[in-house]
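Here's a walk through one protein model, going from strand pairing to cores, pockets and a couple of loop residues. Take a look at the sequence and structure first.

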Amino acid sequence: MVDYGHDLTFGAFVTPQNRQPRDVVALAQLTERVGLDLVTFQDHPYQPAFLDTWTLLSWVAAKTERVHLSGNVLNLALRPPAVLARAAASLDLLSGGRVELGIGAGGFWEAIEAMGGPRRTPAEAVASLDEAIQIIREIWDPAKRGGVRVDGAQFRVSGAKRGPEPAHDIPIWVGALKPRMLRLVGAKADGWLPSQVYLKDGDLARGNAIIDEAAAAAGRDPREIRRLLNVAPVRGPIEQWVDELLPYAVEHGVSTFISTGDDPAAIQLWGEEVVPALRDAIASERNAAGTRTGEVVRGPKALALRHDGVAYDAVPAGLTAIEPGDKGYRQVRSTYVHSGRPALVLRPESDKQVIEALDFARTQDVPIAVRSAGHGISGRSTNDGGIVIDVGSLNEVEVLRGTRVRIGPGRAVGSRGDRAWQARPRDELG
């Protein structure tokens, strides 16, 4: 069994047609209602029958609450990476961390050229994708000093200001099939997103092998890279769907399945019946193989940044732990006032996990800091080389009898929902 250990996610691939634009938005909302995780749209800016994909993503973000959004995949030849980075980060902030970034180098070069874009050779297309990933990641890193400077053959930025930082670590997924592109995926991307309709026999196995080899050569763990797949709807009973799709997960490590098509009944069937059955089948195979899923995978470069005195591998299971080599580290290492470089940040989400975090920290030979909302001016809520227990997730407000409330230790003024709570009529409080 080939398994890269990622949690299973499922989505829909909707055509952004502009003849009935409300229908496109309705399909995205249906995707959310039936429990799917992701809604995606193809991106062909030169296609007059389509809505502009980025405008559509923004509109759908405002019309949904939970589902994640992505281009499938966005056309880099007509979307400058520095601008795309700011747009993605901005929408991620506005949507509460629901944006993923699927990108491709382009392919319909005559149409791209007609829109004012470049016509690139295969080698130039690979270089453009490489440079774009570098630029996007640099723009998203405001903690780094100086402007962004990339003197590429296809894209150049000369001192661009950094930021904004996204609300979450936006993964970069690449749609590609050729070996040079796949080696780039292994070296620099967070996911591989091919389409079933374009695959030939052996393409997934060959692609995984190329990506895994390139990842290892770049000092990465191949498990850092999610394997996604756009799949065509299966015509038949639920069991047939499962029989046809299960091998992609079991034999090729696919953990994200995105069903193509614009039929509302098919999307509903996919979300409400096929996905639960497929989840169960994959879980059964994983249990039989003893596969651990959902764990954070850290490559050799990240492991090299670990500090002495902390038993990282002994952190209690289920407790969120962020290390110096993790992408989210820069967001949690410092407080509102003070800069810090802790060896480990623990983020418990329950009273039980707070106890587990404290018990673990007390056994380590490093300083301990406790952080509530990160606004303390004394500097005691971060440190250098120690452990920080961040209770910011414990931010609930419980209305008790009368006018009394119980406020979680991580609650901060301006937390989401504060205004709505303050606006409640007094008689609702007791």
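## A hairpin

In this predicted model, strand S6 (residues 148–151) pairs with strand S7 (residues 156–160) in the antiparallel sense, over 4 bridges. Pairing here means that DSSP finds at least two bridges between two strands. The helices (H or I, at least four residues) and strands (E, at least two) are DSSP runs, numbered from the N terminus. S6 and S7 make a hairpin with 4 residues between them, and Val148 sits opposite Ala160 in S7.

## Ground rules

Residues are numbered from 1 along each chain as its sequence is written. As this is a predicted model, local features need pLDDT of at least 70 and side-chain atom pairs count only at pLDDT 80 or more, while totals for chains, interfaces and linings use all residues; side-chain values use heavy atoms, with hydrogens and water left out.

## The open sheet

There's an open sheet of 9 strands with parallel pairing, in the order S3-S2-S1-S11-S10-S9-S8-S5-S4. Its edge strands are strand S3 (68–71) and S4, each of which pairs on one side only. Further in, S9 and S10 run parallel and are joined by 2 bridges, with Gly191 opposite Arg226 in S10.

Helix H6 has Met181, Leu182, Leu184, Val185 and Gly186 as its buried residues. These pack against H5, strand S8 (172–174), strand S9 (191–192) and H7.

## Nonpolar cores

The largest nonpolar core has 85 residues, and Phe41, Leu101, Ile103, Trp140, Phe257 and Trp270 have the most contacts inside it. Apart from it lies another core of 16 residues, among them Tyr312, Ala343, Phe360 and Ile389. A nonpolar core is a set of buried Ala, Val, Leu, Ile, Met, Phe, Trp, Tyr and Cys residues joined through side-chain atoms within 4.5 Å.

What is Leu101 in contact with, leaving aside neighbours within four places in sequence? The list is Ser70, Leu74, Leu84, Ala88, Ile136, Trp140, Ile170, Pro171, Ile172 and Trp173. Contact means heavy atoms within 4.5 Å.

## Pocket and cavity

The second largest pocket holds about 1,200 Å³ of space. It is lined by 43 residues, and Gly106, Gly175, Ala176, Leu177 and Tyr198 are the closest to its centre. Strand S4 (74–75), helix H5 (122–139), helix H6 (179–188), helix H7 (203–217) and strand S10 (226–231) each give two or more residues to this lining.

The structure also holds 1 cavity of 30 Å³ or more. The largest cavity has about 40 Å³ of space, and its lining is Ala12, Pro233, Ser259, Thr260, Gly261, Ala266, Ile267 and Trp270. Strand S11 (256–260) and helix H9 (264–289) each give two or more residues to that lining, and H9 gives the most, with 3. On a 1 Å grid over the protein atoms alone, a cavity is a set of points where a 1.4 Å probe fits but cannot get out, and a pocket is an open set with protein on both sides within 12 Å along at least five of seven lines; lining residues have an atom within 4 Å of a point. Grid points are joined across faces, edges and corners, and a volume is the space filled by probe spheres set on the points.

## Two buried loop residues

Leu36 is in the loop between helix H1 (21–33) and strand S2 (38–41). Its relative accessibility is 1%, so Leu36 counts as buried. Beyond four places in sequence, Leu36 has contacts including Phe10, Ala12, Val67, Ile267 and Trp270. Leu36 and Ile267 are 231 residues apart along the chain, yet their C-alpha atoms are separated by 9.2 Å.

Thr382 is in the loop between strand S14 (368–371) and strand S15 (387–390). Thr382 is buried too, at 8% relative accessible area. A polar atom of the Thr382 side chain lies 2.7 Å from the backbone oxygen of Arg333.

How values were computed:
Buried means under 20% relative accessible area, exposed over 50%, partly exposed in between (1.4 Å probe, protein chains only). A polar contact is a pair of N or O atoms within 3.5 Å; within protein, one must be able to donate a hydrogen and the other to accept it, and residues adjacent in sequence count only if both atoms are side-chain atoms.
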